[in-house]
Amino acid sequence: EIKTLDFGNVTTVGYPGSGNYAYLGVSGSPGKIVKFDFTTLTKNSELTLNTDENIPDSVAFNATDMFWGISESGGYDGVNLTRGSVVKINIAGFSRSASARLTTDVDGFEDFVFSAVVAPDGYLYIGTGGVVTKMSPLTISKARVIKFDSSLTRQGVTKINSPVKLYSVVASNITNYLYFGLSNGQILRVSTDLNNIYTISTGLNNIALRSAFLSSDKLYGYFGTDDQPGKIIRISISNEAISTLTLNSGDGNLISSFRSGTYGYFAANTAPGRIIKADLPSFVFNSSDAAILGGEFTAALPNVYKNAILLSGNYRNKDIVTSENFDGSSVNWQIEQFAGGGVISSAIYPISGASSKIYVAGYDDASALKIEMRNLNDGALVNTFGTNGVVTSIAIDLYSNSVGIVADATGIYVVSAESGVGGMRLEKRN
């Protein structure tokens with residue numbers, strides 16, 4: 001079964017590292033923070049922000065609290081320069097406990113709170129965006145790194161003499177520096193006392209580093225670029241050496257990312273969306289299993305079930321379904337076509353009430369809609385379903401191309417696109 005829930009204009013998602021709840025930043029006037037159970041995709045509660053706290057652009061966590069970087073709107077409203085805020089929310093009680101409004105000064109305004117991190121020293125650091133303000137005469141509003149203690153008492157600020165945006169950040173316990181990914185493609189090294197700033201060249205030119213995470217051993221930072229084809233930039237925390245991994249054509253615009261074990265997962269803002277998986281220790285993405293989970297799918301929808309990732313789509317001109325352990329340790333099984341021929345074309349989902357089985361849908365060589373039931377663990381057909389694990393429907397039009405399949409306790413539902421005259425079909429089966 002697949003579920004969706006409309007939360008509004010989601011700008012940020014954060015996870016504290018344990019439990020079943022994640023948190024969404026939703027923009028509005030004002031914005032809000034939504035707490036939801038990601039195991040059931042149900043909203044638990046929401047917290048509406050205050051006036052002028054409109055866009056939750058970033059979030060950072062410590063053991064007890066989350067700190068949201070909130071942008072007002074960014075820029076000049078015709079009367080005043082806008083100002084962002086930092087809001088502290090207690091995780092256990094999901095209640096607002098403190099906030100700090102940012103400021104304006106002779107160097108412009110503090111808004112666009114693009115990045116936030118709680119460093120190993122326990123302090124919160126936020127990165128803002130510098131812009132050219134819409135005032136007369138035009139002036140540059142400097143980007144800043146601002147330091148707060150856990151009660152949101154401001155500890156200091158350092159300013160960057162250019163209108164860059166501090167999009168992403170990592171902080172490691174083996175050094176007293178923060179590393180910010182910039183909108184111009186470089187990495188800004190900032191000491192935690194804010195007294196030392198240095199720009200590290202990545203070799204890129206005006207390509208934004210939109211997302212970032214640390215390796216599990218804290219020795220490397222990884223940044224995803226917002227370009228085509230995309231790149232993954234790795235920085236060694238110990239000697240600041242830069243390495244670049246260029247992805248395939250079509251795999252780019254890496255606007256968010258996360259790490260699981262020794263693998264990095266980058267979400268590509270493409271049409272359709274893609275997930276690129278990188279082996280972090282070897283810094284490759286084109287090994288057999290990593291490429292399968294990379295951006296070569298034409299219609300890949302990942303579905304995480306227990307410790308497995310299930311994907312369907314077209315990989316190197318083969319229509320496949322594959323199951324791989326979420327930590328990337330092994331490929332469990334892979335099928336390249338339907339039993340008896342045909343094209344796999346839809347995403348696949350675990351069956352509600354039959355968690356060890358999956359459905360695979362598409363069309364056969366006679367252009368008829370086709371559904372298979374297979375074991376989740378090994379991909380084998382379940383012979384008790386249909387005829388030897390297969391159900392086939394007649395083609396209404398030239399061919400029936402399944403575009404989605406879900407199931408609940410009442411039945412199986414398949415949506416297909418009918419080629420030729422055109423149209424859609426929704427089919428329900430017991």
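Start by selecting strands E5 to E8, which make up an open sheet of 4 strands in the order E5-E6-E7-E8 with antiparallel pairing. Strands here are DSSP runs marked E, at least two residues long and numbered from the N terminus, and two of them count as paired if DSSP finds at least two bridges between them. Before you go on, note that this is a predicted model, in which local features need pLDDT of at least 70, side-chain atom pairs count only at pLDDT 80 or more, and totals for chains, interfaces and linings use all residues. Residues are numbered from 1 along each chain as its sequence is written, and side-chain values use heavy atoms, with hydrogens and water left out.

Now colour the edges of this sheet: strand E5 (55-61) and strand E8 (95-101) each have a single partner strand, so one side of each has no neighbour in the sheet. From one strand to the next, the twist averages 25°; axes are lines fitted to C-alpha atoms, and angles run from 0 to 180 degrees between N-to-C directions.

Next, pick out strand E6 (residues 65-71) and strand E7 (residues 85-90), an antiparallel pair joined by 6 bridges. Click on Gly69 and look across to E7, where Val86 stands opposite.

Then move to strand E2 (residues 21-26).

Gly14 has Tyr23 of E2 as its bridge partner. The hairpin of E1 and E2 has 6 residues between the strands, and there Gly17 takes a positive phi near 110°.

On the other hand there is strand E3 (residues 32-37), which runs antiparallel to E2 and is joined to E2 by 6 bridges. Val26 stands opposite Lys32 in E3, and a hairpin of 5 residues connects E2 to E3.

For the last stop, select E17 to E20, an open sheet of 4 strands in the order E17-E18-E19-E20, with antiparallel pairing. Its edges are strand E17 (166-171) and strand E20 (197-200); each has a single partner strand, so one side of each is left without a neighbour in the sheet. The twist averages 25° from one strand to the next.

Finish by zooming in on E17 and strand E18 (residues 177-182), which run antiparallel and are joined by 5 bridges. Here Ser168 stands opposite Gly181 in E18.
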